[in-house]
Structures are given as C-alpha cells and as structure tokens.
Amino acid sequence: MRDRACIVGIGETRYCRAPGSGMSQLGLNLQAATRAIEDAGLRPRDIDGIMPFPNLGSAEELAASLGVQELRFAATLNMGGAAPVASLRVAAAAVTSGLATHVLLPTGWNGYSGRRARETLVTDPTNIPGGAIARDYYIPHGLVAPPQWYALIARRHMHEFGTKPEQLGAIAVAMRKHAQLNPNAVMRGKPLTLEDYLGSPMITAPYRLFDCCLETDGGAALVVTTSERARDLGRRPVFVSGVGAAQPYPADDIATRPDIFATGLTIAAPEAFAMAGVTPADVDFAEIYDCFTFEVLQQLEEAGFCGRGEGGAFVEGGRIELGGALPVNTHGGLLSEAHVCGMSHIVEAVKQLRGDAGERQVADAEIGVVTGWGDFGDGSIAVLRR
Amino acid sequence: MDGLAGQFYGFCRQRELRFQRCTACGAWRHVPRELCAACGSWAWEWARSSGRGTVFTWTVAVRAMHPAFQEAVPYAAVVVEMEEGVRILSTVTDCPPGELAIGMPVAVAFDDVTPEVTLPTFRRGRKE
C-alpha cells in the first residue's frame with residue numbers, strides 16, 4: 001500500500017477554551033470537514049466515505065448535513081486517540097481497493113465547554129472498549145481517569161529505567177515552545193520553563209499539571225484519496241507511505257498486562273516503517289500523541305526512535321525541539337496547542353510536508369511520522385512523505 | 001454485580017481472595033475471563049490466593065477526577081503483583097502514599113465499603 005493513498009485536504013476550526021466555541025459538536029465537525037473538502041479542491045458531494053471519531057459523530061448525520069448523497073463507506077474505529085491515524089490506514093485501504101473514492105476523516109468536540117473527558121468513563125463505562133473492566137476493577141479503588149491509568153506505567157518506567165521528572169518536563173517545555181509559533185495554539189503567549197513545570201501542582205503522581213494535555217474546544221478533518229486522483233487536485237499531495245495500527249495485549253486492561261510498556265505501537269511501528277521502506281533515522285519530524293508527557297517518551301521508545309529505557313535521555317537537550325535532531329509536535333500538541341483527538345497531529349504533519357508551517361517550518365521536511373494513542377494503549381502510526 | 005465479577009466480589013464478602021485457575025494447564029488469571037488465554041481451556045476453578053504480594057506500581061491521586069472521590073484525595077491506587085503471578089489493582093490502606101515503594105510486601109485485607117460490597121484491599125506486609 002506504500003504511497004498509493006494521499007492526504008489531499010486538511011481543515012481546522014479555531015481552537016479555544018473559555019468561553020467556548022459557541023458551536024455544537026456537530027458544527028465543529030462540519031466546519032472542519034467543509035474546510036478540508038474545500039482545501040482539497042472538492043465539493044461535499046465528491047465525498048463517498050466518512051470515518052467519524054468514536055463517540056463524537058455519526059457518518060449518517062455528517063453525510064446528511066454535508067449533502068453527501070452517495071455514502072459508500074462509513075466506519076468508526078474504537079481506538080480512542082489512536083483512531084485518527086488508524087482511520088487513515090483504513091481510509092487508505094478503502095480508496096486503494098475501490099471501496100470509496102474520497103474519504104473524509106472528521107473530528108470535533110467541546111472538550112472544554114462541554115462534558116470533560118476526565119469524567120466520561122465514570123459517566124458511561126461503555127465509552128471505551130475496556131470500560132467493563134474499569135467499572136468492575138478500577139473505579140471501585142479510585143482509578144477513574146486516563147492520567148491515573150497511564151501514571152501507573154510512568155511510575156514503573158521511572159523505577160526500571162531511572163526516568164526523571166525533569167525529563168518529562170523537557171517534553172512539556174518543548175511542546176510549549178512550539179506553541180509560541182502557532183497562531184491557533186491555545187497556549188501561545190504563555191511560555192513555560194522547567195522551573196514552572198516542576199513547581200506545578202501534582203495531579204496524579206508522578207503527573208503534574210503540566211504533564212497533562214489541555215481540555216479545549218475544536219475540530220479538525222482530513223480528506224484521503226488515491227495518489228492517482230491526488231495528482232489531479234490542486235494541492236501538493238502528501239503520501240501515506242507506511243501506516244500501522246494495533247492493540248496492546250490485553251487491550252482491555254492495563255494493570256495485568258504482562259509487558260506494561262508494550263502498546264499497540266510496539267506492533268504497529270515496525271510494520272509502518274517496513275511498508276514505507278524507511279527507518280526512524282530517516283524521519284525529519286514526529287507528531288506524537290501527547291495526552292501526557294510520559295506517553296510521548298514511551299511512544300518514542302516503542303516506535304523505535306530510541307531503545308526502551310532510553311527515552312528519558314532522548315528527550316533532553318533540545319533534541320525534540322525545532323532545530324533539534326527530531327522535532328516533536330511542532331504545533332504544540334495536545335499539551336500546548338489543543339486537544340483535537342489526535343487529528344491536528346496529522347493536519348500539522350501535512351502542513352510541514354507541504355512547506356506551509358510558517359515560523360515553525362522544519363527545513364526541507366520530506367518524511368514525517370504521526371502516532372496515535374488511545375484507551376488503554378491502542379496504537380497507530382503513519383509515515384508520511386511529500 | 002453479576003457474572004464472574006459478581007462471583008469474585010462474592011468471595012471477597014466471605015473474606016476470601018480467589019482468582020481463577022485453569023484446571024487444564026494450571027495458569028492463574030485475573031481479571032476474570034471465560035477461558036484460559038494460555039491454553040484455551042474452558043475448565044477452571046476459583047482457587048484461593050495466599051493473599052501475599054508486592055507493590056508493582058502505583059499512582060497518588062491528588063486532584064479528584066470525579067466528584068465521588070473529592071473527599072478521598074490524596075489516595076494511592078496500587079497495582080499488586082501476587083505470589084501466584086497475577087496482578088490486581090487495589091489500595092494499600094495503612095500506608096501513607098509517600099511511603100509506598102515498588103517491591104514493598106503487602107497482604108490482602110477486606111474493606112466493607114457498603115453492606116453489599118466488600119473490596120479486596122491491602123496492608124503492609126501482613127495477612128488479615
């Protein structure tokens with residue numbers, strides 16, 4: 001499937017916190033979608049496949065609102081924040097196999113002004129695939145929300161490999177620096193130092209406030225088609241060179257996982273790099289799903305940018321900042337741009353590969369990686385090239 | 001609570017910590033599952049745990065993530081690795097969060113949180 005599908009359109013809404021978007025969840029999905037379709041040089045009726053983000057929209061209502069009259073392909077992958085990149089993989093397969101011609105990947109939510117993500121599991125355990133186990137075996141002991149689940153992995157990593165708070169802080173500081181160069185980043189104009197990070201209140205140890213992603217309102221979307229069709233459209237196409245997605249084992253339970261550091265990415269990353277015919281050393285930048293700082297470190301390890309246990313040293317010394325060896329989350333990520341469910345990570349990679357990233361452009365960017373992380377460690381990864 | 005979870009917590013009400021053990025290959029398992037992921041057998045029993053284990057990892061919840069836990073913070077959610085090899089998510093009720101350490105020996109105790117529900121919890125290095 002190497003290079004046979006392309007991302008041809010991207011769209012975003014404004015990202016914000018207080019007082020909120022002033023739009024409905026559906027409205028955010030639609031605004032991002034219509035912008036992505038227009039960016040691709042297409043009309044809504046050209047779309048014949050839609051892959052909504054889990055729990056944030058239905059293909060039926062999106063199609064009806066957009067005027068999509070021939071919806072041939074509609075699917076949602078229940079992989080939480082890993083869904084956008086995993087959906088890109090399925091969309092690429094759909095267009096190259098002829099199931100659909102132009103597939104729309106929309107997302108959008110009022111994560112700030114609506115119901116907060118941190119309460120969704122307790123409100124409705126069916127929100128995630130591992131919800132029944134969380135309901136029966138986690139929530140009674142007070143383990144109720146994602147930062148608490150993942151903090152268990154971070155603590156164990158600190159024990160086994162000596163990973164330090166300052167190294168998690170280096171990730172938070174890098175994302176915040178990048179956000180200063182992004183006009184749509186919620187944290188633009190609010191710089192962060194390592195001292196600020198270390199002084200921030202503990203949320204769920206070892207996670208401090210600035211280890212945790214933002215809760216924001218916003219939407220983002222993509223349009224995917226074949227590389228043949230992409231050549232006829234207006235924009236410089238971005239090729240899906242390699243892509244993978246997988247579940248950890250077991251995917252519905254973190255606490256009893258035999259290898260607590262393994263995620264779906266552990267399986268998916270070698271497949272994606274092999275498909276693309278490149279190695280992590282060939283990558284010019286990486287947009288890593290950064291729900292919390294440690295998950296960036298863990299994914300850099302599991303994707304093969306460094307060995308397991310080496311992530312702490314890897315993120316130090318500006319290596320993951322713009323100008324470093326591997327700039328990570330050039331838009332600011334979930335930590336400092338906005339929480340757009342991982343879709344804005346793909347959008348940013350497309351901007352970088354088009355050469356449209358403005359002040360934060362990675363010079364001569366040819367190959368970029370995007371990852372997704374969801375639920376109890378579902379993983380996805382795309383190797384994109386211009 | 002019904003099904004396998006109901007049975008697990010039913011034993012806790014009787015102050016017994018039991019995990020499933022495959023009667024074909026002998027593998028212990030938790031959380032409860034219908035069949036053995038190691039050998040595929042549907043045959044199993046509720047086998048009594050020694051109740052002893054060590055701290056595998058933990059997090060200290062400082063900010064309540066749900067209003068129901070506002071009164072409880074700060075508290076630690078702890079993963080205990082049992083002598084049988086299975087892990088269980090629980091709490092260590094007699095240890096301040098600052099004194100928790102990976103490898104610390106713990107033993108099961110039982111807390112009646114409501115007249116109907118008894119949770120398996122842990123104490124430092126001794127058995128109830």
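Me: How many bridges join strand S1 of chain B to S3(B)?
Reply: The model is a predicted one. In it, strand S1 covers residues 18–22 of chain B and runs antiparallel to S3(B). Arg18(B) stands opposite Arg48(B) in S3(B). The number of bridges joining S1 to S3(B) is five.

Me: In what order do the three strands of the open sheet in chain B stand?
Reply: Strands of a sheet pair through backbone hydrogen bonds, either parallel or antiparallel. In this open sheet the pairing is antiparallel. Strands S2 (28–29) and S3 (44–48) of chain B stand at the edges, each with a single partner strand, so one side of each is left without a neighbour in the sheet. The order is S2-S1-S3.

Me: What pattern of helix and strands does chain B follow along the sequence?
Reply: Chain B has one helix and eight strands. Read along the sequence, the pattern is α-β-β-β-β-β-β-β-β.

Me: What radius of gyration does chain B have?
Reply: The C-alpha trace spans about 45 × 30 × 25 Å along its principal axes. For 128 residues, a compact globule would have a radius of gyration near 14 Å, and the value for chain B agrees with this. That value is 15 Å.

Me: How far apart are the mean positions of the positive and negative charges of chain B?
Reply: Chain B has 14 positive and 14 negative charges. Their mean positions are apart by 3 Å.

How values were computed:
Residues numbered from 1 in each chain as written. Chains lettered and ligands numbered in written order. Predicted model: local features only at pLDDT ≥ 70, side-chain atom pairs only at ≥ 80, totals over all residues. Heavy atoms only, no water. Helix = DSSP H or I, 4+ residues; strand = E, 2+ residues; numbered from the N terminus. Rg over C-alpha atoms; globule rule 2.2 N^0.38 Å. Lys, Arg positive; Asp, Glu negative; His and termini not counted. Charge placed at Lys NZ, Arg CZ, Asp CG, Glu CD. Pairing = 2+ DSSP bridges.
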